[in-house]
Amino acid sequence: MAHNEAVDVVLVGAGIMSATLAVLLKELDPSLKLEVVELMDSGAAESSNPWNNAGTGHAGLCELNYTPQAADGSIDIKKAVHINTQFEVSKEFWSYLAKKGTFGSSKSFITPVPHLSYVQGEAGVAFLKHRFEAMHKHHAFAAMEYTEDKAKLAEWMPLMMPGRPADEPIAATRVMQGTDVNFGALTNQLLKHLSSTPDAQVKYCKRVTGLSRKGQGWSVSIKDVNTGNTREVDAKFVFLGAGGAALPLLQMSGIEESKGFGGFPVSGQWLRCDNPEVVKRHQAKVYSQAAVGSPPMSVPHLDTRVVDGKTSLLFGPYAGFTTKFLKHGSFLDLPLSVRAANIGPMLAVARDNMDLTKYLVSEVMQSMEQRLASLRRFYPEAKAEDWRLEVAGQRVQIIKKDPKKGGVLQFGTELVSAKDGSLAALLGASPGASVTVSIMLDLIERCFADKARNEWAAKLNEIFPAREKALETDAQLYQRINAQNNESLELVEKSSETKSFA
Ligand SMILES: Cc1cc2nc3c(=O)[nH]c(=O)nc-3n(C[C@H](O)[C@H](O)[C@H](O)COP(=O)(O)OP(=O)(O)OC[C@H]3O[C@@H](n4cnc5c(N)ncnc54)[C@H](O)[C@@H]3O)c2cc1C
């Protein structure tokens with residue numbers, strides 16, 4: 001048998017997930033030999049690219065779908081609280097790296113941008129008021145403000161108020177502590193930092209084409225996309241951080257835990273505006289309610305985006321149906337993912353989600369005029385010439401077995417790992433990049449359980465002085481950690497010119 005190269009860890013894909021896990025593992029054990037393998041010629045070329053996602057630092061401050069209303073009218077804020085504390089854990093990791101000095105500035109990837117929720121109509125206003133009353137009592141949302149006052153709304157969202165009927169019922173909440181995150185810049189900063197450490201390599205234009213069991217670990221086939229040459233690398237642990245393409249790789253691994261999973265790809269588009277006269281009148285991420293019957297990923301929002309020092313506006317997303325698992329993928333991705341073990345769940349999802357499929361097809365068929373009509377619900381005076389259409393990243397939603405229905409569609413993310421902890425894959429899309437650090441900590445606790453409890457425990461406590469559960473319940477701890485993170489990430493005011501949370 002040919003003598004293969006050997007490393008401790010192979011990470012497939014150079015998006016935010018692999019970049020985060022690789023840097024975290026090297027912090028915990030600097031002696032690890034590790035290789036990141038990326039198909040494209042740079043990092044963050046798929047969903048983690050800043051124009052392929054909305055760049056919202058999801059912290060439950062504005063997303064109305066995180067606070068569902070029960071039949072009795074009560075509002076459940078648990079999911080919003082959990083995502084908020086997960087984002088705080090991400091900030092702890094970035095703060096730790098920023099303090100090291102060798103990582104680079106956090107200003108290149110995180111910018112303070114207020115988060116607003118906005119509703120129209122009497123029912124919408126009643127919901128938002130009720131939601132505000134439930135939320136602002138929790139320490140994570142203590143700074144939330146509510147208003148129905150038109151003059152105040154004009155101050156909060158000056159672009160969105162002119163051109164509305166004077167008697168239109170409308171309300172908003174605002175939290176100044178929101179952020180816009182350039183996940184592409186963050187990914188590339190993490191990869192650069194990783195490459196500067198011994199025994200860590202990031203290899204571009206290389207595709208993982210095969211995975212097979214070898215001893216306690218795996219043999220990984222890696223093909224050079226330019227020369228066509230293939231090399232075999234042995235790894236004790238493999239992470240499938242291939243975004244939408246993680247599913248076919250997971251299937252290739254053949255692990256028992258992969259059986260029954262399928263993928264439902266959803267494409268997306270945005271309207272983007274770079275006109276400085278328009279851009280300067282909107283400094284916020286404003287989220288509203290999804291149309292009745294539409295899926296959670298179609299919640300409309302009008303966002304300030306800060307990418308490579310330039311500010312733009314993004315509106316959308318407009319969802320669509322495709323059979324590709326990656327933006328740069330193949331139309332055969334979906335048909336080739338059908339297996340004997342997942343055809344049942346996939347057919348069940350197709351049967352039970354006809355409305356969703358119809359909705360996605362109707363979204364794809366929209367004209368520019370129809371897209372502008374949706375934008376004008378937010379910004380009544382929007383002019384067509386200021387906006388252009390951009391293609392967003394792919395989201396491959398998870399299809400999984402369900403004992404009652406046969407199969408269900410899941411809109412969150414799911415970490416699938418081999419029983420022996422030698423391989424893990426991340427499936428799904430949302431809330432995604434913002435909670436990467438929590439997901440990777442979960443992976444470490446599952447796949448490196450013994451080390452996490454023993455030799456890595458002290459370092460984990462140093463990097464993460466507080467985890468999600470404690471932050472959810474301990475107000476004083478939350479306030480201290482939040483203040484420390486905001487200071488390390490330069491999110492608080494340093495001078496009168498700097499825009500900030502303060
Ligand atoms: C429209 C949209 C809006 C979103 N908005 C937000 C938001 O506002 N906030 C937020 O937090 N999250 C958001 N997300 C989610 C977020 O973008 C993703 O969760 C995150 O970027 C996923 O990162 P990843 O590293 O798993 O995948 P990716 O960034 O997609 O990276 C996967 C990489 O794997 C590579 N790859 C694939 N197959 C192979 C192979 N066989 N060999 C080698 N390399 C391979 C790909 O080329 C790619 O570079 C959004 C996503 C979308 C699509």
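**Set-up.** I worked on a predicted model, where local features need pLDDT of at least 70, side-chain atom pairs count only at pLDDT 80 or more, and totals for chains, interfaces and linings use all residues. Numbering runs from 1 along each chain as its sequence is written, and side-chain values use heavy atoms, without hydrogens and water.

**Ligand.** I then looked up polar contacts (N or O pairs within 3.5 Å). A polar backbone atom of I16 sits 3.2 Å from a ligand oxygen. For S47, the backbone-to-oxygen distance is 3.1 Å. A ligand nitrogen lies 3.2 Å from a backbone N or O atom of L39. The protein covers 96% of the 1,000 Å² of accessible area that the ligand has on its own (Shrake-Rupley, 1.4 Å probe).

**Cores.** I took a nonpolar core as buried Ala, Val, Leu, Ile, Met, Phe, Trp, Tyr and Cys residues joined through side-chain atoms within 4.5 Å. Buried means under 20% relative accessible area (1.4 Å probe, protein chains only). The largest core has 81 residues; F93, W94, F239, L443 and I444 touch the most other members. Another core, of 41 residues, lies apart from it and includes V208 and A425.

**Hairpin.** I checked β17 (395–402) and β18 (406–410): they run antiparallel, joined by five bridges. Three residues separate them in the hairpin. I399 has L409 as its bridge partner.

Key: Buried < 20%, exposed > 50% of the residue type's maximum accessible area, 1.4 Å probe, protein only. Pairing = 2+ DSSP bridges. Helix = DSSP H or I, 4+ residues; strand = E, 2+ residues; numbered from the N terminus. Polar contact = N/O pair within 3.5 Å; in protein donor to acceptor, adjacent residues only side chain to side chain.
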